[in-house]
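Let's take a walk through this structure together.

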Amino acid sequence: MSELVVHHLPGAWGIPSVSPFCLKLDAYLRIAGIPHRAVIDATPFKAPKGKLPYIEHDGQKIGDSGFIIEYLERRLGCDPNAGLSAAERAAALALRRLIEENLYWVMVYDRWVVDENWRVFRDVVLGGVPALVRPLLAPIARRGVRGQLKGHGIGLHAPEEIHAIGIRDIGALADFLGQKPFLMGDTPTEIDAIAYGQLPNIMSVPIESPVKDAALKHANLVAYVERVRNRVFARVEPRAPD
Ligand SMILES: N[C@@H](CCC(=O)N[C@@H](CS)C(=O)NCC(=O)O)C(=O)O
C-alpha cells in the first residue's frame, strides 16, 4: 500500500491531539495496526471538509474520521469490530452518536464559551498559528464556534442545562462500561478508539467543568482511560506542531 499520511490537530497536556476526532483516528490506527505518517496541521484550513483529521492516500484527500475508517477498512480488509454481533454493532453505533454528536459539543462549549477555560484553551488550539495572527484569529474562530453550538442546538441552553446533558452522557458511558475492560468486552474495538478520543479530552485537561468533575468520580471510567492509554498508546509522546 502507498504511504498513508494522516493530518491531525496538535496535542497538549500529555494528550496526542486536543481534537477528539484526531485522537480517535490515531487510536484506531494503532488498534488496527495500520502503518502511517502523522502530520500536525496548525489549522484545519487545508482539510477537504475544513475539519481535521483528514488523510492523503493514493492521490486522494479524505476527510471525516468515520469515512476515513470506512475507506481504510475497504482498502485493507481490516475490521476491529469483526468479533461483534449485529446487536453489539448497533449498541456501539448508538454510543458513537452519544459521544460524537452530543458529548463532543458539551466539551466544545466548555472549551470555547466558558471564559476562564477559553483563556487557557485559545493558546493551545491556536498554538501553531503565528503569534501576530493569533489575536486576530481567536475572536473570529470563537464567534464561529458559538454559531456552530447554536446551530447544533446545545448552545441555546443555559450552562447548567448543558452540563446536566454532559453528565448524563458520562453516566451512561460509565454504566455501559461497568466492570468490562473495554466497551465491547475483553478486546479494544472501534468504539474504544472513539471513547478514548473524547474522554481524556474531558478528564485529563486543565479545562474545568462539572462534566469533568462528574467523569472523574466514575472510578471505572478513570481506570478505563488509563487502560486504553497503556494498551494503545504505550511509548507515544505528545505532539507539537510541525
Ligand atoms: N465528523 C468529523 C468531525 C471533525 C471535527 O469536528 N474536527 C474539528 C476538530 S475536533 C475541526 O476540525 N473543527 C474545525 C472547524 O469546525 O472549523 C470527523 O469525524 O472527523
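**Helices around H7**

H3 and H7 run roughly parallel to each other, because their axes cross at roughly 15° and angles under 35 degrees count as roughly parallel. Those axes come within 10 Å, and H3 passes H7 in a left-handed crossing. Keep in mind that what you're looking at is a predicted model.

Which residues of H3 and H7 meet? On the H3 side you'll find Ala92, Leu95, Arg96, Ile99, Glu100, Leu103, Tyr104, Met107 and Arg111, and on the H7 side Glu190, Ile191, Ile194, Ala195, Gln198, Asn201 and Ile202. Sorted by class, this contact has 10 nonpolar, two polar and four charged residues.

H1 brings Pro20, Leu23, Lys24, Ala27, Tyr28 and Ile31 to the contact, while the H7 residues include Ala193, Tyr196, Gly197 and Pro200. By class, the contact of H1 with H7 has nine nonpolar, three polar and two charged residues.

H7 has yet another partner to look at. Helix H9 (residues 219-232) packs against H7 (residues 190-203) at an angle of about 115°, with the axes 10 Å apart. The crossing of H7 and H9 is left-handed. Among the H7 residues that meet H9 are Leu199 and Met203, and among their H9 partners are Tyr224 and Val228. The contact of H7 with H9 divides into 10 nonpolar, no polar and two charged residues.

**Into the core**

In soluble globular proteins, nonpolar side chains tend to be buried together. Here, the largest nonpolar core has 68 residues. Which of them touch the most other members? They are Ile55, Val108, Leu149, Ile191, Leu199 and Tyr224. Helix H3 (residues 86-112) gives the largest share of this core, 12 residues. Apart from it lies another core, of five residues, including Leu9, Cys22, Ala47 and Tyr54.

Zoom in on Ile55 for a moment. Leaving out residues up to four places away in sequence, Ile55 touches Leu4, Val5, Val6, Leu25, Gln60, Lys61, Ile62, Ile68 and Tyr71.

**Stops in the loops**

Next, follow the chain between helix H6 (159-177) and H7, where Thr189 sits in the loop. Is Thr189 buried or exposed? With a relative accessible area of 4%, Thr189 is buried, since the cut-off for buried is under 20%. Setting aside residues up to four places away in sequence, Thr189 touches Ile31, Pro80, Asn81, Leu84 and Met184.

Most residues other than glycine have a negative phi, and most peptide bonds are trans. Trp13, in the loop between strand S1 (5-8) and H1, has a positive phi near 55°. At 28% relative accessibility, Trp13 counts as partly exposed. Asp64 also has a positive phi, of about 85°, and is found in the loop between strand S4 (60-63) and helix H2 (65-76). Its relative accessibility is 35%, so Asp64 counts as partly exposed.

Finally, what is the peptide bond from Leu52 to Pro53, cis or trans? That bond is cis, with omega near 10°. Pro53 lies in the loop between strand S2 (37-40) and strand S3 (54-57).

Key. Residues numbered from 1 in each chain as written. Predicted model: local features only at pLDDT ≥ 70, side-chain atom pairs only at ≥ 80, totals over all residues. Heavy atoms only, no water. Axes fitted to C-alpha atoms, helices over the stretch in contact; angles between N-to-C directions. Helix = DSSP H or I, 4+ residues; strand = E, 2+ residues; numbered from the N terminus. Left-handed = near helix turned anticlockwise from the far one by under 90°. Contact = heavy atoms within 4.5 Å. Nonpolar A, V, L, I, M, F, W, Y, C, P; charged D, E, K, R; others polar. Core = buried A, V, L, I, M, F, W, Y, C linked by side-chain atoms within 4.5 Å. Buried < 20%, exposed > 50% of the residue type's maximum accessible area, 1.4 Å probe, protein only. Parallel < 35°, antiparallel > 145°, perpendicular 65-115°, else oblique.
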